[in-house]
Amino acid sequence: MTFAAYRKIFALRDFRNFWIGFTISVLGDALTGVAFTWYVFEQTHSAAALGWLMLCFTGPIVVGGLLAGWLLDRFERRTVIMVDNIIRGVAIGLIPVLYALGILQVWHIYAAAGVYGFLMMISLAGGPSLMPSLVPAEQLETANALEMISFTLGGVIGPIVAGVLIGWIGAPYVVLLDALSYGIFAVLLASLPHEEKLNQHNQASGNSLVQAIQLLISQPILLSTTIMFLVLNIGGGIMSVWLPILVDQMPGGGATLFGVLLGVQAIGEVVSSLLAGGLVLR
């Protein structure tokens, strides 16, 4: 991969607009994740409350992921992702409004997290599926690499920025930036050209979910990878609950340290990915 490849792909206006909007949105999501977690902990000091928050973030993905695939297969992907960003932007944006009015409750945070979790797979799955309409086939590898860079930037920068801002303006107001990021992404998506008519296979594939489940069960590698990912997320969920509690008990602990630790975790994930990519296994 050369810098020339990146210069070439950024010369494409449509991809450039998509990538900028996607990157800003990923960064905003990282801010909200930290802000919601810290606010719930500040209000409750309860591990159970944090556990419910994590459930609201992740539980709806099970159903929302199925809905995302169905929508992306049958409607114009650009429009579907744009509507997703508008809905999530409104849901997240209501939190600072309720806080300013003095009526924000923890269950409002749960509800906003649930909306986020239910719809998040639309943009996550829609981005890669939209790429072929934005870049030539020979540049798809570069486009996918840049998408991963977006997640890296969000994971490293977002939590640290969130930790600093929470101590400055308070957690509920931090998510205003995420609501703004959804609006920016929606505007940039609106600037993209309409996709060509979806192929007949996508429009007519009514049993794609059944086929996907059958494929998963029949392929040992896919099944074992799915199970490993499930276990990994269980461990990640446990850490998401206990890390803010641990940070609060440490001398000098607070939202800033919480954000820094999450940023360090993201750096570790990047390093381990690079190391794993250099291994050659059977």
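**Ground rules.** I am looking at a predicted model, where local features need pLDDT of at least 70, side-chain atom pairs count only at pLDDT 80 or more, and totals for chains, interfaces and linings use all residues. Residues are numbered from 1 along each chain as its sequence is written, and side-chain values use heavy atoms, with hydrogens and water left out.

I looked up F15 and got 0% relative accessibility, so F15 counts as buried. For ring pairs I took Phe, Tyr and Trp (its six-membered ring) with centres within 6.5 Å; planes under 30 degrees apart are stacked, over 60 edge-to-face, and the rest tilted. That rule gives me 13 aromatic pairs. The F10 and F15 ring centres are 6.2 Å apart with planes at 50°, so I noted this pair as tilted. I also found a cluster, with F18, F22, F151 and F185 linked by ring pairs.

**Cores.** Next I went after nonpolar cores (buried Ala, Val, Leu, Ile, Met, Phe, Trp, Tyr and Cys joined through side-chain atoms within 4.5 Å). The largest has 39 residues, and F36, V40, L53, I109 and I166 have the most contacts inside it. Helices here are DSSP runs (H or I, at least four residues), numbered from the N terminus. Among those supplying at least two residues each to this core are α2 (13–44), α7 (140–169) and α11 (220–249). α2 gives the largest share, eight residues.

I then picked out I109. What does I109 have in contact, leaving aside its neighbours within four places in sequence? I got F36, Y39, V40, L53, I95 and L104, with contact meaning heavy atoms within 4.5 Å.

A second, separate core has 25 residues, including F22, V26, L119 and L130.

**Surface.** I20, I24, L177, L180 and I184 make a nonpolar patch of about 370 Å². I24 sits in helix α2 and is partly exposed because its relative accessibility is 31%. Both α2 and α8 supply at least two residues of the patch, and α8 gives the most, with three.

H45 has a positive phi of about 50°, though it is not a glycine. I found H45 in the loop between α2 and α3. Its relative accessibility is 51%, so H45 counts as exposed.

Terms used: Buried means under 20% relative accessible area, exposed over 50%, partly exposed in between (1.4 Å probe, protein chains only). Patches are made of residues with over 30% relative accessible area and no salt bridge: like charges are joined within 9 Å, nonpolar side chains (Val, Leu, Ile, Met, Phe, Trp, Tyr) within 5 Å. Accessible areas come from the Shrake-Rupley method with a 1.4 Å probe; for residues, only the protein chains shown count as cover. A salt bridge is a side-chain nitrogen of Lys or Arg within 4 Å of a carboxyl oxygen of Asp or Glu.
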